[in-house]
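Please open the model in a viewer and keep the selection panel at hand. The stops below follow one another.

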Amino acid sequence: TKSKALAAGLGIDEEVEVTRKPRAPRVKLDEHRLLSAAGIPKLRKRAKDHLKFKGKGHEFSDATRLLQFYQLWLDDLFPKARFLDALAMVEKMGHKKMMQSARVEWINEGKPRSSVHEDS
Amino acid sequence: EFANGKKDVVDPEVRAYVSSLVTALGGSGADEEGRYILGDDALACLRDLKRWLKLYDEKANRFDVARCLAESNLVGGDLLQILAAWPENEDENRMKSKIALACLELLVPLTWPLSNDKKEMTVNHHRHIPYLQIAQLGYKRSIVNFDGARILHTAVRCALPSMAQDAGDRSTRDEGIIKLLLYFIRNIAMIAPPPNVQYEGDEAEISRSATIDAFDYQDIFQLLLTLSSSMGEDFNTQDVIVMDVIFHLIKGVDIEKLFMDEEKVSNSKTDELIRLRKKEAAMLRSYQMHAPTRHNRFGAMAWIQREDSKRTTISGQAAVTDSTRGLAKMDSTKKFKPPHRAHKGETGPMDFDNPVSLSVQATKHLRTFVEEFLDAGFNPLFNHIRKAIDREAERIMDSHPRQFFYLVAWFLEAERARRRCKKSDKKQKPEDVDSFALVASVLNQEMFVTLNRAMDKTYEEKSWADLSAAMKCFTQILLTVQEMSESPLEDDQEIAENILNRIFYEETTHDRVANITRTYKDQGFGYLDSTTELSHNYLRILEQYSKQNVDLQVRSRRRVRKKKKAAREAGEDAPDDDVIDESEGEDESRAQKMLHERKFDFKKFAARFVVQGCVDTFVKFTSYYNDLKPAQLKRAHRYFYRVAFKQEMGVMLFRVDIIHLFNKMIKGPEGLDPQSSSYKEWEEFVKQILRRCFKKMQERPELVVEMLFSKINSTAHYLEYGYEKQTVTTT
């Protein structure tokens with residue numbers, strides 16, 4: 001019994017609890033992220049302030065500017081994916097119910113009030 | 001067990017039996033001046049070997065004997081020597097012809113295509129098939145390039161007595177021998193290095209060119225022509241094997257190159273070299289422009305100032321000079337890759353989308369064969385096979401319809417190429433023009449029924465390679481008929497008119513074409529090419545036809561159903577002919593009305609190609625722009641032009657990834673070659689599209705968000721026109 005007590009004192013018999021830290025959840029580009037403040041609302045706000053086109057004769061430089069605008073926004077929103085990959089992921093999200101209703105809402109916001117009235 | 005501790009892969013006893021048989025077969029020795037001398041019981045040995053293959057390998061589903069035979073060099077060392085020792089003037093020698101036949105009976109199973117069907121493979125298959133695939137390449141090399149004699153020709157001689165008999169008089173044995181010969185030729189034509197294996201010998205010795213040259217030299221083309229031209233008379237069940245042989249000869253061959261003059265070929269080859277060098281130089285120049293001007297440890301570091309006082313640092317000179325390249329650099333350092341699916345295309349012997357190049361000699365031989373085949377063999381052979389497919393004959397395997405449609409498409413295109421060739425050769429008088437009778441057997445109503453059924457079935461079963469072949473066939477039929485309608489012969493015109501009317505009469509056909517185009521997903525480039533080609537030509541020819549024929553009517557399914565339902569309700573039997581008779585009282589005003597409706601209908605039909613699915617299909621196709629031929633680029637250009645300007649739904653193209661693609665095509669890096677013929681029209685088109693896009697974005701700021709997504713139809717309509725679709729009343 002003496003040796004047993006000694007062993008107990010050494011802590012051999014005590015069960016060691018192995019706790020593994022749960023892995024950090026992977027960041028996903030889902031509809032919640034898109035609809036959050038850093039997502040599409042930010043895009044719309046930024047577009048109002050920054051997106052200006054030079055117009056006729058500058059088509060290609062305008063295109064470059066437009067693409068950069070989207071690229072920077074996506075880099076802020078979801079830094080780990082490349083531009084084209086991220087675009088494809090966003091496009092895929094557009095088929096979700098939540099996104100679709102949000103999209104319709106944004107479009108309706110843009111519609112002139114009077115015509116909405118006429119239609120309904 | 002070997003000394004080094006490795007186990008032999010084959011049962012040693014089996015190996016001992018088999019190799020003793022091979023040794024007993026015969027051999028060459030110094031005292032015979034190196035000639036090959038048959039063993040005393042050679043015939044019995046050959047038969048024993050055959051029995052081994054049959055009763056051990058086949059029955060137990062193993063490849064042990066085949067492996068032993070490959071290791072003991074039976075084919076090159078013995079069988080070919082024996083066949084070579086049967087000279088042409090000794091056809092009457094019974095013993096020798098018997099032995100030759102026995103050799104052929106061994107050659108056929110040894111060269112038989114090895115199936116790579118993962119589900120049915122055993123451990124043993126996995127062990128032996130890679131070895132046997134390489135061994136078969138060796139067999140082909142020695143058979144095709146054998147110096148002493150014409151091996152393939154000798155094989156034909158084995159079957160000649162059987163073939164000479166009337167079809168009715170042939171015994172089962174005779175039929176078997178003919179089949180054996182044809183399978184042998186098929187196997188030789190089919191053997192090619194497997195897609196994932198690097199062949200270590202001289203590729204030229206087993207290439208398609210070598211096969212074609214050998215077939216020409218050994219009169220195999222003559223045999224194929226004889227068989228196909230008398231199909232249905234002297235020959236019957238051999239049709240599918242002949243087709244198989246021809247398929248493996250011509251799959252992937254570029255028709256345009258085939259029908260070029262020799263002079264032109266060499267010219268075009270030099271031209272091509274110059275063109276390719278120029279392209280390469282342009283490519284290098286564009287790299288040079290972006291290449292660093294200092295050594296790679298110069299260590300420049302730049303940052304991009306972003307919003308919210310955020311900075312992104314980028315190393316290298318790129319970012320210093322211009323922001324586009326800075327951002328590209330930032331993008332390229334990202335490691336994350338979203339999961340993606342592998343494509344479902346076919347690789348292996350049945351793949352017909354892999355282009356092959358032929359030597360000058362082989363091109364000449366093949367062209368001669370193709371022309372003779374069109375003149376004599378096309379109608380009998382394909383008519384016969386079409387009938388067999390229709391009644392689902394027992395010999396028709398799964399792969400045969402695919403081969404059939406592919407071959408029909410290929411030969412129709414070849415026929416058109418030949419006509420072009422003739423036309424440019426010398427100014428022809430109208431009375432010298434040939435009619436299209438040479439290919440008439442695939443332009444009849446039965447063929448359309450078969451084709452339509454095949455397209456429906458393969459689409460439902462998702463067998464994409466089959467569908468791709470059927471679509472190619474349909475495209476070529478359309479093109480041929482269109483050419484026919486422009487023929488100076490009145491008969492041809494009339495027939496063409498008739499055919500087009502029949503093709504376009506069925507609304508189900510319209511639906512099918514639109515549906516297939518809409519639903520592309522990961523089927524590989526070959527399928528993508530077939531789909532876009534079909535929808536391009538279908539739209540084009542239908543548009544033209546509906547303009548010319550004011551009273552074009554369409555049989556729609558819905559109408560028929562209504563009619564049937566009404567009939568059933570009335571207690572009658574459904575009428576057999578669903579044709580809606582409109583010929584009565586068809587005066588000018590009615591015709592005008594039909595024209596109006598039809599025109600409206602064509603627009604409606606074309607509108608079905610403006611949906612997101614179709615746009616995505618063509619975008620995917622265009623994304624291969626650097627590998628597309630001018631005709632293919634034109635196809636994509638016409639489609640987008642139709643979407644944006646004819647249908648006025650440019651909104652469908654306003655998506656960031658599409659804009660990115662268009663911009664990249666013109667402005668690079670790695671864009672279209674500015675010297676190429678298609679560059680100009682693409683540049684103009686992209687410019688127009690971009691201009692419209694920016695205008696629209698200013699008009700409707702909400703497009704900024706919608707640029708990211710596929711549009712829903714109603715939304716797209718609103719974005720384009722500024723009002724909802726429902727409010728429009730059709731007058």
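Begin at the boundary of chain B and chain A, where 17 residue pairs are in polar contact, both residues at pLDDT 80 or more; a polar contact is a pair of N or O atoms within 3.5 Å, in which, within protein, one must be able to donate a hydrogen and the other to accept it, and residues adjacent in sequence count only if both atoms are side-chain atoms. This is a predicted model, in which local features need pLDDT of at least 70, side-chain atom pairs count only at pLDDT 80 or more, and totals for chains, interfaces and linings use all residues. Residues are numbered from 1 along each chain as its sequence is written, chains are lettered from A and ligands numbered from 1 in the order in which they are written, and side-chain values use heavy atoms, with hydrogens and water left out.

**The interface**

Next, select the chain B helices H15 (323-332), H27 (656-667), H28 (679-699), H29 (703-706) and H30 (713-721): each supplies at least two residues of the side that touches chain A. Helices here are DSSP runs (H or I, at least four residues), numbered from the N terminus. H28(B) gives the most to that side, with eight residues.

Colouring the side of chain B by class shows 18 nonpolar, nine polar and 16 charged residues. Ala, Val, Leu, Ile, Met, Phe, Trp, Tyr, Cys and Pro count as nonpolar, Asp, Glu, Lys and Arg as charged, and the others, Gly among them, as polar.

Then display B:Glu706 and A:Arg103, which form a salt bridge with their closest N and O atoms 2.9 Å apart. The rule (a side-chain nitrogen of Lys or Arg within 4 Å of a carboxyl oxygen of Asp or Glu) finds six salt bridges across this interface.

**Aromatic pairs**

A search of the whole structure gives 38 aromatic pairs over all chains; rings of Phe, Tyr and Trp (its six-membered ring) pair if their centres lie within 6.5 Å, with planes under 30 degrees apart stacked, over 60 edge-to-face and the rest tilted. Select A:Phe78 and B:Phe336, an edge-to-face pair at 6.2 Å centre to centre and 85 degrees between the planes. The pair crosses between chains, from the loop between H4 (59-77) and H5 (83-93) of chain A to the loop between H15 and H16 of chain B.

**Inside chain B**

Finally, select B:His365 in helix H16 (residues 360-390) of chain B. Is B:His365 buried or exposed? B:His365 counts as buried because its relative accessibility is 15%, buried meaning under 20% relative accessible area (1.4 Å probe, protein chains only). Its side chain is joined to that of B:Asp213 by a polar contact of 3.0 Å.

Methods: Buried means under 20% relative accessible area, exposed over 50%, partly exposed in between (1.4 Å probe, protein chains only).
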